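User: Hi! Could you walk me through this structure with me? I'd like to start with the charges.

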Amino acid sequence: MGPLEGIRILDLTQAIAGPYATKLLSDHGADVVKIEHPDRGDVSRRMGPFPDDVPHRDRSGMFLELNTSKRSVTLNLKTATGRDILGRLAQQADLVIESFRPGVIEGLGLGSGRLEELNPRAALVSVSNFGQFGPYRDFEVDDMLAYAMGGVLSITAEWGREPLKIATYAPFFLAGGVVAAFTLGALRGSQTSGAGERVDISLHDILATSMDRGGTNLAAYEYSGSLYFQRQESARSTALPMGVYPATDGYVHVICAPMWWDRFCNMIGRPDLIEDEHLAPNLLNVDYAPEIDAVFYPWLLERTKQEIMEAGQAQGLPVSAINTTADVANDPHLAARDFFHDIEMPGGGAVGLPGFPFRMHGTPGEMRPAPALGEHTVEVLTERLGYSKQDVAVLAQRGVV
């Protein structure tokens, strides 16, 4: 029994941001019915990765991660019957969430006005690249473009070099978490007022204000005309270590301020340097960095990144191992928190998936396997709309489901 038990959501999203948002809701008890095309399904079913690199629409790691605990219903929305069934499902939903191009939902007979006629209390959340209005409304976008147009890519670079993007799809996962929060707000507002909320969510708006240092910079620029964070010729402004350093098995990130000089010296086993008359008075002078590095690097290159992190943290220094994906998958802290869940895949076999990004002890929720394409079509149409199994078989023959 999750905290959202009893809430019905009609999910018309695909790819990453929208499905990640509804996954967060389904894992915590909401009954999320995902509508998919009978032949193709969600585009993420073709994105992989796949076990043994063998593509299969029901075994994509991306799809399995983004659609846990949902029910899949196939509908051909190009048919009049498919659109009629969609409308009938919307009549029973507390919320409809869609990520079509602006204007498409109206063509499917489920725009704001029509939904108000069918189900006045249902909220409608529309997720799109640039929102439902504005000069960029119909622009195409991927995670790189979203990151770039949000204003952050311009500052993620070494001095004098081209900008660097962050990892694949990260902006869309961040946006999906924000969408989930907005969706809960729409549900609450609809329940309070008795009239279904209408929410226009722009991924561009989200990323312009929240990704990395974008929001901070926007506020600083609007207020003063300057940036809070700018690329600098050197990230190091003191003699003390600041940034990425090598270990025997990878890299660590170290931050050391002058007030932590004693902690740094204790970390590397050189307490004799704390009061050193040559170094201690000159910690703010970057010209002394090579001398400190000459002491620091030999110590680093005798230790693993885990050992360095633990040594730094033991002294109260913000030192972190720079983990690979394999490191994260085998991280002892995540294991102790039971972060990863073994989920059965359609057709057999289990896959380890990341667990809940937050935990509720009273109503913890449950992560159930993502559905096979159309797995719940018969179940939903017979239970909710009164179709018989024979009726659904006929609909399948007609290409409706």
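User: How many positive and negative side chains does the protein have?

Analyst: This is a predicted model, and in it the protein carries 34 positive and 51 negative side chains. The centres of the two sets lie 9 Å apart.

User: And how many salt bridges is that?

Analyst: The count comes to 15 salt bridges. One of them joins the side chains of Lys70 and Asp11, at 3.4 Å from N to O. Lys70 sits in the loop between α2 and β3 while Asp11 is in strand β1, so the pair ties together parts that are 59 residues apart in sequence.

User: Are Lys70 and Asp11 buried or exposed?

Analyst: Lys70 and Asp11 are both buried.

User: What does Asp31 pair with?

Analyst: Asp31 forms a salt bridge with Arg71, with the closest N and O atoms 2.8 Å apart. That pair links distant parts of the chain, since Asp31 belongs to strand β2 and Arg71 to strand β3, 40 residues apart. Asp31 is partly exposed, at 23% relative accessible area, whereas Arg71 counts as buried because its value is 13%, and the cut-off for buried is under 20%.

User: Nice. What about Asp58?

Analyst: Asp58 forms a salt bridge with Arg45, and their closest N and O atoms are 2.9 Å apart. Both residues are buried. There is also a network: salt bridges that share partners join Asp31, Arg71, Glu379, Glu383 and Arg384.

User: Switching topic: where does Leu385 lie?

Analyst: Leu385 lies in helix α15, which covers residues 377-385. Leu385 counts as buried, because its relative accessibility is 10%.

User: What is Leu385 in contact with?

Analyst: Leaving aside neighbours within four places in sequence, Leu385 contacts Ile85, Arg88, Leu89, Gln92 and Val380. Ile85 is 300 residues from Leu385 in sequence, yet the two are 8.3 Å apart in space, C-alpha to C-alpha.

User: OK, on to strands. How do β7 and β8 run?

Analyst: Strands β7 (residues 242-247) and β8 (residues 250-255) run antiparallel and are joined by six bridges. They form a hairpin with two residues between them. Val244 has His253 in β8 as its bridge partner.

User: Which strand does β8 pair with besides that?

Analyst: β8 also pairs with β9 (residues 319-322), in the antiparallel sense over four bridges. There, Val254 has Val319 as its bridge partner.

User: And the overall picture?

Analyst: The protein has 16 helices and eleven strands. Of its 401 residues, 44% count as buried. The C-alpha trace spans about 85 × 50 × 40 Å along its principal axes.

Definitions and conventions: Residues numbered from 1 in each chain as written. Predicted model: local features only at pLDDT ≥ 70, side-chain atom pairs only at ≥ 80, totals over all residues. Heavy atoms only, no water. Buried < 20%, exposed > 50% of the residue type's maximum accessible area, 1.4 Å probe, protein only. Contact = heavy atoms within 4.5 Å. Lys, Arg positive; Asp, Glu negative; His and termini not counted. Charge placed at Lys NZ, Arg CZ, Asp CG, Glu CD. Pairing = 2+ DSSP bridges. Salt bridge = Lys/Arg side-chain N within 4 Å of Asp/Glu carboxyl O.
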